[in-house]
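My entries follow in the order I made them.

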Amino acid sequence: MTDLTASGSPSPLWLQGRSRPVQLAAVALGTLFLAISSQIAVPMVPVPVTMQTFAVTLVGAIFGWRMGALTVLAWLAEAMIGLPVLAGGASGMAPFVGPTAGYLLAFPLMAAGVGVCAERGWLARHWVLAFTAMLAANLFALVLGTAWLAGILGLKKAIAVGATPFLVGAVLKSALAAALVTAGDHFVRARRG
């Protein structure tokens, strides 16, 4: 199913070139994946970490930058209209104007950034490049989220509660996402012979 670029590197699903029904099905499945991942909490000290950003980076890597960002925007729209798809079942407008707004704003940009890297063939074959892209996306979300939070709590407290507790989780989720992307590439290559 994965197309090959001229260099022989697997590319994302290239959904933007597929039929509308395929694109709509992919977006629906992607938003479901994002919603489920948002409810998975990994117990960490002092703050549990959800798998939201893990799912956002994978959607970008698999769907490409346009469809990845569009899928994340659709998921955020589901939250805005009241579906409990965000972490802890959050929904409505409150998450978009409260302390989490900066993180939510970062999500479509994360998916787009990782998608660009995937479309250029930087992720599939090289775990280090995949990990770097995933980690950069996670750190971007932490920076943007913390910047927004600083307007509410002040910079020092925002860093203490909005960034520092999530650094280990960002590294672990980036490593897992990179491993899945490169393993998927090896699996596709093995099946193609």
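Entry 1. I began with α5 and α6, which cross in a right-handed manner. The model is a predicted one. The contact draws on Ala101, Gly102, Tyr103, Leu105, Ala106, Leu109, Met110, Val114 and Cys117 from α5, and on Ala133, Met134, Ala137, Asn138, Phe140, Ala141, Leu142, Leu144, Gly145, Thr146, Trp148 and Leu149 from α6. I then looked up the geometry: the axes of α5 and α6 are 8 Å apart, at an angle of about 160°. Angles over 145 degrees count as roughly antiparallel, and α5 and α6 are therefore roughly antiparallel to each other.

Entry 2. Next I took α2 and α8, whose axes lie 9 Å apart at an angle of about 30°. α2 and α8 are therefore roughly parallel to each other. Their crossing is right-handed. On the α2 side I listed Thr53, Phe54, Thr57, Leu58 and Ala61, which meet Lys173, Leu176, Ala177, Leu180 and Val181 in α8. Seven residues of the contact of α2 with α8 are nonpolar, two are polar and one is charged.

Entry 3. At what angle do the axes of helix α1 and helix α3 cross? I found roughly 60° for α1 (residues 20–39) and α3 (residues 65–80), with the axes coming within 9 Å. That angle makes α1 oblique to α3. α1 passes α3 in a right-handed crossing. From α1 the contact uses Gln23, Val27, Gly30, Thr31, Leu34, Ala35 and Ser38, and from α3 it uses Met67, Thr71, Val72, Ala74, Trp75 and Glu78. I counted these by class as seven nonpolar, five polar and one charged.

Entry 4. I turned to the largest pocket, which holds about 580 Å³ of space. It is lined by 25 residues, and those closest to its centre are Thr50, Gln52, Ala87, Tyr103 and Phe166. Which element gives the largest share of the lining? It is α6, with four residues. At least two lining residues each come from β2 (49–50), α2 (52–63), α5 (101–119), α6 (127–153), α7 (155–162) and α8 (167–192). I sorted the lining of the largest pocket into 18 nonpolar, six polar and one charged residues.

Entry 5. I checked back on Tyr103: this residue of α5 is in the contact with α6, and Tyr103 is also among the residues closest to the centre of the largest pocket.

Key. Residues numbered from 1 in each chain as written. Predicted model: local features only at pLDDT ≥ 70, side-chain atom pairs only at ≥ 80, totals over all residues. Heavy atoms only, no water. Axes fitted to C-alpha atoms, helices over the stretch in contact; angles between N-to-C directions. Parallel < 35°, antiparallel > 145°, perpendicular 65-115°, else oblique. Left-handed = near helix turned anticlockwise from the far one by under 90°. Contact = heavy atoms within 4.5 Å. Nonpolar A, V, L, I, M, F, W, Y, C, P; charged D, E, K, R; others polar. 1 Å grid on protein atoms, 1.4 Å probe; cavity = no way out; pocket = protein on both sides within 12 Å on 5 of 7 lines; lining within 4 Å. Points joined across faces, edges and corners; volume = space filled by probe spheres on them.
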